[in-house]
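Colleague: I would like to learn how to read pockets and ring pairs in a model. Could we go through one together?

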Amino acid sequence: MLTKTDTGKMEPLATMRIQTSLNCDLYTQGSNGYHALDHIQLEIRSVEHGLHDAVLLAIPLGKSQFDLAVKQATVRQIKNHFTDLSHSRLVSYDPLFAAEFGRSFPETAFSALTQMRYQYNLAASSIHLSKDPRLIKWFKAEIKRIEILIDEYRQQCVNLGRIPDCVKQQ
């Protein structure tokens with residue numbers, strides 16, 4: 001059900017990055033997002049009644065991390081149940097961008113963002129099938145942000161003279 005603000009406009013969705021002790025990575029990595037959403041919603045439902053529809057989408061990113069599309073009014077409650085990593089999402093100290101042995105930071109960030117885009121692309125069909133305009137708008141904005149960063153880190157890799165295999169394959 002879509003909620004409207006006092007002005008009659010649809011309330012936009014917030015983006016959250018969470019880390020959870022749920023061991024869903026094995027079940028959700030490479031999935032279309034439904035399994036991740038089910039796991040997150042089950043966890044929320046088990047601790048607080050009434051928040052079962054607060055998270056509209058959960059995209060698994062690996063390392064027990066998920067990007068969530070969340071109703072803005074429920075962000076605080078969601079933060080109470082998961083480790084909130086939103087402050088470090090898509091910035092240089094993003095935990096997914098942690099340096100890997102033998103790789104430069106731009107290579108590691110590029111690789112993480114490419115994997116993130118893959119996970120988002122897997123979720124694309126379910127988002128469009130939902131026909132929820134807020135979710136579609138949220139998804140387009142997030143994909144655009146990821147694409148801009150991929151281009152930025154791709155260029156940094158080229159400037160370093162180190163072209164990662166995943167860049168060569170694109």
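**Reading the pockets and rings**

Modeller: We start with a pocket. The residues lining the second largest pocket are Leu61, Gly62, Lys63, Leu96, Glu100, Arg103, Thr108, Ser111, Ala112, Gln115 and Met116. This is a predicted model, where local features need pLDDT of at least 70, side-chain atom pairs count only at pLDDT 80 or more, and totals for chains, interfaces and linings use all residues. Residues are numbered from 1 along each chain as its sequence is written, and side-chain values use heavy atoms, with hydrogens and water left out.

Colleague: What counts as a pocket?

Modeller: Take a 1 Å grid over the protein atoms alone; a pocket is an open set of points with protein on both sides within 12 Å along at least five of seven lines, and lining residues have an atom within 4 Å of a point. A volume is the space filled by probe spheres set on the points, which are joined across faces, edges and corners. Here, the second largest pocket holds about 160 Å³.

Colleague: Which elements give two or more residues to the lining of the second largest pocket?

Modeller: Those are β2 (55–62) and α4. Helices (H or I, at least four residues) and strands (E, at least two) are DSSP runs, numbered from the N terminus. Helix α4 gives the largest share, five residues.

Colleague: How do I read the lining by class?

Modeller: Ala, Val, Leu, Ile, Met, Phe, Trp, Tyr, Cys and Pro count as nonpolar; Asp, Glu, Lys and Arg count as charged; the others, Gly among them, are polar. The lining of the second largest pocket has four nonpolar, four polar and three charged residues.

Colleague: What volume has the largest pocket?

Modeller: About 260 Å³. It has 13 lining residues, and Pro12, Leu13, Arg134, Lys137 and Trp138 are the closest to its centre. Seven of the lining residues come from α5, the largest share. By class, the lining of the largest pocket splits into seven nonpolar, one polar and five charged.

Colleague: Are Phe97 and Tyr153 buried or exposed?

Modeller: Both are buried (under 20% relative accessible area; exposed is over 50%, partly exposed in between; 1.4 Å probe, protein chains only). Tyr120 and Trp138 form a stacked pair, 6.0 Å centre to centre with 25° between the planes. That pair links helix α4 to helix α5, 18 residues apart. Tyr120 and Trp138 are buried too.

Colleague: Where is confidence lowest, and where highest?

Modeller: pLDDT is the predictor's confidence in each residue, from 0 to 100. Helix α1 (residues 25–28) is lowest, at a mean of 47, and β1 is highest, at 93. The protein averages 80, and 75% of the residues score at least 70.

Notes: Rings of Phe, Tyr and Trp (its six-membered ring) pair if their centres lie within 6.5 Å; planes under 30 degrees apart count as stacked, over 60 as edge-to-face and the rest as tilted. On a 1 Å grid over the protein atoms alone, a cavity is a set of points where a 1.4 Å probe fits but cannot get out, and a pocket is an open set with protein on both sides within 12 Å along at least five of seven lines; lining residues have an atom within 4 Å of a point.
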